[in-house]
Amino acid sequence: MFARSAFRAAQPLRMQARRYATEAPKSGGSNTVLLVAGGAGLAGAGYYFLSGSPTGNKVAAAAGVEPKKAFTGGDQGFLSLKLAEVENVNHNTKRLRFELPEEDMVSGLHVASAILTKYKGPNDEKATLRPYTPISDESEKGFVDLLVKQYPNGPMSTHMHNMTPGQRLDIKGPLPKYTWTENKHNHIALIAGGTGITPMYQLCRAIFNNPNDKTKVTLIFGNLTEEDILLRKEFAELENTYPQRFRAFYTLDKAPKEWKGNSGHITKELLKQVLPEPKSENVKLFVCGPPGLMNAISGNKVSPKDQGELTGLLKELGYEKDQVYKF
């Protein structure tokens with residue numbers, strides 16, 4: 001099992017409108033690679049920071065050694081992957097580590113993409129399919145980590161929460177989402193709720209693990225309670241390491257008295273204050289969360305291939321459809 005360490009809660013930042021620190025990054029700089037080691041940023045999780053190139057696959061390829069990919073897409077069917085480890089993250093979320101078929105394999109995922117899980121219970125007429133965005137780095141070999149929140153009456157999340165090491169789950173991928181290349185946008189904003197944070201974390205990993213990528217990132221993350229804030233320590237480390245490029249704003253539906261962040265749902269006023277201006281050059285907004293959040297912020301997408309019309313608060317604030325991507 002992973003080493004554990006006491007969680008040091010990062011203090012939520014007071015609201016500041018479109019401001020980024022101008023001081024140089026602290027030691028570690030752009031060569032610091034963030035790797036999850038034992039959880040998703042809450043109590044009981046351990047973390048490590050390793051120095052080195054964040055583009056391990058590219059380095060291997062340059063050396064003439066292309067890493068094997070577990071998920072190759074196309075006509076590849078589901079792979080039966082063994083659950084290696086389970087860790088409780090909070091009251092309703094677990095980190096599950098699945099072993100890839102071979103120890104020297106990488107997942108084969110690219111940014112941004114997801115995997116598809118499949119489970120058919122003994123009394124089910126048909127299988128349940130659910131997509132998940134792994135939280136493990138794409139260059140990691142031998143495993144893939146999923147962050148899974150259990151939802152009431154959720155067949156897949158309930159099944160996965162009931163799994164024990166040694167059991168297997170059918171998984172395939174990658175499911176392509178938004179193709180990212182370095183410096184594709186000058187400034188991006190990530191608006192998330194609950195486990196909708198996982199594709200946002202995938203984007204952040206790609207950006208801040210690449211010393212050539214200078215994209216600014218603003219995160220707005222809504223949750224029910226403080227305990228529900230996933231990957232909080234990882235984002236706090238990004239703020240400390242890249243204060244001139246990364247800012248995170250948290251809002252809680254049920255905020256404690258000592259909470260110094262924002263309270264209630266993500267509001268139009270909050271978005272207007274912290275997002276890049278709609279008329280700013282080359283900005284992109286990403287939205288992911290439960291249907292209620294999506295409806296309020298941007299409108300839900302129609303299907304994986306149809307983003308649908310832009311509605312909600314972002315439309316009211318003057319953003320155009322091509323400035324917004326719905327995960």
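**A covered helix and its surroundings**

Modeller: Helix H3 is mostly covered, with eleven of its twelve residues buried. The model is a predicted one. The buried residues of H3 are Ile-197, Thr-198, Pro-199, Met-200, Tyr-201, Gln-202, Leu-203, Cys-204, Arg-205, Ile-207 and Phe-208. From its first C-alpha to its last, H3 reaches 16 Å, close to the 16 Å expected for twelve residues at 1.5 Å a residue. For the chain as a whole, buried residues make up 52% of the 327 residues.

In soluble globular proteins, nonpolar side chains tend to be buried together.

Leaving aside residues up to four places away in sequence, Ile-197 touches Ala-192, Leu-219, Phe-221, Leu-230, Leu-231 and Phe-235. Leu-231 sits in the loop between S12 and H4, and its phi is near 60°, a positive value in a residue other than glycine. Leu-231 counts as buried because its relative accessibility is 0%, the cut-off being under 20%. A second case of positive phi is Asn-282, with a value near 55° in a residue other than glycine. Asn-282 lies in the loop between helix H5 (268–274) and S15; at 32% relative accessibility, Asn-282 counts as partly exposed.

S12 and S13 run parallel and are joined by seven bridges. The chain passes from S12 through H4 to S13, and this β-α-β crossover is right-handed. S13 itself is mostly covered, with seven of its seven residues buried. In a regular strand the side chains alternate between the two faces of the sheet. In S13, Phe-246, Ala-248, Tyr-250 and Leu-252 point one way, while Arg-247, Phe-249 and Thr-251 point the other way, and all are buried. S13 also runs parallel to strand S14 (residues 262–263), to which two bridges join it; there, the bridge partner of Leu-252 is Ser-263.

Elsewhere in the chain there is an open sheet of six strands, with antiparallel pairing and the order S8-S7-S10-S4-S5-S9. Its edge strands are S8 (128–132) and S9 (143–149), each of which pairs on one side only. Neighbouring strands of this sheet are turned by 40° against each other on average, direction ignored. Strand S5 (residues 93–99) and S9 pair in the antiparallel sense over seven bridges, and Leu-96 stands opposite Leu-146 in S9. Helix H2 (residues 155–162) lies across S5, S7, S8, S9 and S10, running at about 80° to S8.

The loop between S8 and S9 holds Gly-142. Gly-142 counts as buried because its relative accessibility is 15%, where buried means under 20%. Gly-142 and Pro-101 are 41 residues apart in sequence, yet 7.5 Å apart in space, C-alpha to C-alpha. Not counting residues up to four places away in sequence, Gly-142 touches Phe-98, Glu-99, Leu-100, Glu-102, Glu-103 and Met-105.

Two cis peptide bonds complete the account. One runs from Gly-173 to Pro-174, with omega near -5°, and Pro-174 is placed in strand S10. The other runs from Val-111 to Ala-112, with omega near 0°; Ala-112 is in the loop between strand S6 (105–106) and S7.

Notes. Residues are numbered from 1 along each chain as its sequence is written. This is a predicted model: local features need pLDDT of at least 70, side-chain atom pairs count only at pLDDT 80 or more; totals for chains, interfaces and linings use all residues. Side-chain values use heavy atoms; hydrogens and water are left out. Two strands pair if DSSP finds at least two bridges between them. Helices (H or I, at least four residues) and strands (E, at least two) are DSSP runs, numbered from the N terminus. Axes are lines fitted to C-alpha atoms, for helices over the stretch in contact, and angles run from 0 to 180 degrees between N-to-C directions. Contact means heavy atoms within 4.5 Å. Buried means under 20% relative accessible area, exposed over 50%, partly exposed in between (1.4 Å probe, protein chains only). A crossover is right-handed if, with the strands pointing away from the viewer, the path from the first strand over the helix to the second runs clockwise. The expected span of a helix is 1.5 Å times one less than its number of residues.
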